[in-house]
Amino acid sequence: MGNLRYTVLILVVFIQTKGFCQDITLFEQFNGRYDYLAIGNTLNQAENNLDGSFCETLPSSQASLNVDTTSTIVAAYLYWAGSGTGDMEVTLNTTDITADDTYTVDYIDPFQGVLTYFSCYADVTDQILTEGNIVYEFSNLDISETLTTITGYCTTRTNFAGWSLYVIYENGSLPLNQVNLFQGLEIINRNVQEKTIFLNNVNVLDNENAKIGFLAWEGDNALNYGESLSINGNLISNPPLNLVDNAFNGTNTFTNASDFYNCDLDVYGIENNIDIGDTQVEIKLTTGAIDPNTNTLRADLIIINNIITVLNSQLPDATITLDDYFVNCGNRTVDLEYTVFNTNSTDPLPANTPIAFYAEDQLIGQSETLASIAINASESGTITLQIPDDIPNEFLLTINVDDDGTGTGIVIEIIETNNTTTEVVTLIPLPEVQNLPPLNACDIGFNTAVYDLLQALDAIDASSYIGFSFFNSIENLQQNSNEILIPEAYQSSTTPETVFIRAETDVCFDIFQLVLLTENCPPHIPDGFSPNDDGYNDHFNIQGLYDIFDNHELLIYNRYGTLIFKGDNDLKWYGKANHGINHGHIVPSGTYFYVLHLNDPNFVSLAGWVYLNK
């Protein structure tokens, strides 16, 4: 993670385009003693711009693969393209191939409207490893219906089809290279006459034999109006195949063929176009210019399918994984097992490469590799970290390899952005609080209710725990102090009230949160009372009313419907009238009628009778 930024990792494309496309991006990267070659052929009978006599494409075409016998094939990708939205089922020799993905681009012709072109690819590594160096025949790419039903392709002479096979191989005699295969589908034409592609974070340690390759479709040899291809501001060419003003012209660099009609397999040496230390490559393509003979704009339609670079790159590439971690109940230590890799590399990773450990971006530990880690090798390590008290119990653990503890690396690597791994760690002493269904109980007065807290255990799998205890606060639970001693008859005087349950396990405990809700329940109204001052049943004792429905109003009527008593939470009826002619006196024995307004939105008023017996 050195101060210099290297490595082909991201392809950023700045485009102004009319139509739909897929930006060319990094597809695969190979680091080591690797190189590539490509074969392929057209399915056009001739260059479509020169010969207007054909519209259909050929049923098949062939190409020979000749990989050096001392080399080992590591990957092979088949590409095919043509006019229309795509044919995903083709055949290579006798093997049926299904596309892994399909890309499309649109060209808006001023007279024919939208014309779509496609490219497919498939990983054919297993087939190429099995069949090896033979003649490959590509067939069953059928776009006949497209060309027949959409006449604009043949009218504009953009009817084409072709294929290519890319083979990445390893050879011990090669220098340590970085092979980067980028793919997608992008287009330049009369509407979009210029495209600039930036390959960022390129690491150029040695520009000897540096090269760049293109797979492009639909380029015409006869349409070289304003056409150019430049690298870092320098026009490049490969005469006699690819002239400086005709880069995409139906040629194949690998076979020196100029009859690869409306297809291009071109490779350019760029050792004079890049410098050691470069961290960016600018690719610029142009097309379109005024034809002096007709005084009209003419432009080639060029579709870029992939770009491949081969650069010498002898550097390590440190990555790290967290293999496992262990926490203990009541202890803010974490034991880590990790592995440092040097997989995506072209040079050993040196010993004593620093490793930094962060909790929520706070440095909490450091280590380093013990020995030099060879290419494609790894080294495992362990460390015990003490988590500071100001770090929450659930925190983001970040591990950086090639980090001296200040975010600075000491090793220059192929990729400087893959040195980090993260993991969310939860310390056992603070388990996550789990919510239980609330318990409800009737108010017995002054918002007080009695609960059987053991009922809450019905919602817990008790078989998973050793025992349970109840607490009024999370702090008491964590400290295991001030336990609720009689949970089966717990009196609550506030609502809502939260009670915490500590569920013990073999190694720690879980925490459950229980909400107690005290609620008003329907009052129980007796059918009689005897106000004779004997200390028993001396007033109209409505259970569940007083100090519960604080705003209630009680009205008592005699049998003639005359109001004789009006009471509230502070005035109970002891048989005396406080309204009417008997005001202040005990009323006679008999049946009286009541209306009880509870003045609670959850309850309606109640009415009935009560017998007063003196």
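Two strands count as paired if DSSP finds at least two bridges between them, and the strands themselves are DSSP runs of E with at least two residues, numbered from the N terminus. The model here is a predicted one, so local features need pLDDT of at least 70 and side-chain atom pairs count only at pLDDT 80 or more, while totals for chains, interfaces and linings use all residues. Residues are numbered from 1 along each chain as its sequence is written, and side-chain values use heavy atoms, with hydrogens and water left out.

Take leucine 92: its bridge partner in β10 is phenylalanine 138. Strands β6 (residues 89-92) and β10 (residues 135-139) run antiparallel and are joined by 2 bridges. Both belong to an open sheet of 4 strands, in the order β4-β10-β6-β7, with antiparallel pairing. At its edges stand β4 (60-64) and β7 (95-98); each has a single partner strand, so one side of each lacks a neighbour in the sheet. From one strand to the next, the twist averages 30° (axes are lines fitted to C-alpha atoms, and angles run from 0 to 180 degrees between N-to-C directions).

Now for arginine 502, found in strand β34 (residues 497-504). Is this residue buried or exposed? Arginine 502 counts as buried because its relative accessibility is 10%, and buried means under 20% relative accessible area, exposed over 50%, and partly exposed in between (1.4 Å probe, protein chains only). A polar atom of the arginine 502 side chain lies 2.9 Å from the backbone oxygen of leucine 477.

Phenylalanine 593, by contrast, sits in strand β39 (residues 590-597) and is partly exposed, with a relative accessible area of 38%.

Technical notes:
A polar contact is a pair of N or O atoms within 3.5 Å; within protein, one must be able to donate a hydrogen and the other to accept it, and residues adjacent in sequence count only if both atoms are side-chain atoms.
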